[in-house]
Amino acid sequence: MSANYERERQNNARLDELASKVSALRGVTIDIYDQARNHEVIDQTTDTFSSMGSQLKGSATRLGRMAASGNKVAILKLSGILIGSFLVVYYLYRLFLG
């Protein structure tokens, strides 16, 4: 009877060890998943900024061609849009963060 009790105690101790190892493995798996998601978000952000940079470069090239052509009305419209945009952003910044 004592031998059976000892085996049962050893089995329970091993089950507890196994449960702690499974729990640790689950934690590592969750950490790996979180890291993978973080890297995916970083990659998407990098792609977005790269795309935005190429679009901005294209816009700057078109703006340079327009300025070189000497179209004064277009230059005045562009100046008005830039100043208006700056003022809107400035007032929104002051309204929400100021």
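**Helix packing, a salt bridge and a surface patch**

Q: To begin with E6: is this residue buried, partly exposed or exposed?
A: In this predicted model, E6 counts as partly exposed, since its relative accessibility is 32%.

Q: And which helix does E6 lie in?
A: E6 lies in helix α1, which covers residues 2-69.

Q: How many salt bridges does the structure hold?
A: The structure holds one salt bridge. E6 forms a salt bridge with R9, and the closest N and O atoms are 2.4 Å apart.

Q: How are E6 and R9 placed along helix α1?
A: E6 and R9 are three residues apart in helix α1, so about one helical turn separates them. R9 also counts as partly exposed, at 44% relative accessibility.

Q: Moving on, at what angle do α1 and α2 pack?
A: The angle is about 135°, and the axes are 8 Å apart.

Q: Left-handed or right-handed crossing?
A: The crossing of α1 and α2 is left-handed.

Q: Which residues form the nonpolar patch on the surface?
A: The patch consists of V88, L92, Y93, L95, F96 and L97, which together have about 710 Å² of accessible area.

Q: Where does L95 lie, and is L95 buried or exposed?
A: L95 lies in helix α2, residues 72-97. With a relative accessible area of 63%, L95 is exposed.

Terms used: Residues numbered from 1 in each chain as written. Predicted model: local features only at pLDDT ≥ 70, side-chain atom pairs only at ≥ 80, totals over all residues. Heavy atoms only, no water. Patch = residues over 30% accessible without salt bridge, like charges linked within 9 Å, V, L, I, M, F, W, Y side chains within 5 Å. Areas by Shrake-Rupley, 256 points an atom, 1.4 Å probe, with all protein chains shown as cover. Salt bridge = Lys/Arg side-chain N within 4 Å of Asp/Glu carboxyl O. Helix = DSSP H or I, 4+ residues; strand = E, 2+ residues; numbered from the N terminus. Buried < 20%, exposed > 50% of the residue type's maximum accessible area, 1.4 Å probe, protein only. Axes fitted to C-alpha atoms, helices over the stretch in contact; angles between N-to-C directions. Left-handed = near helix turned anticlockwise from the far one by under 90°.
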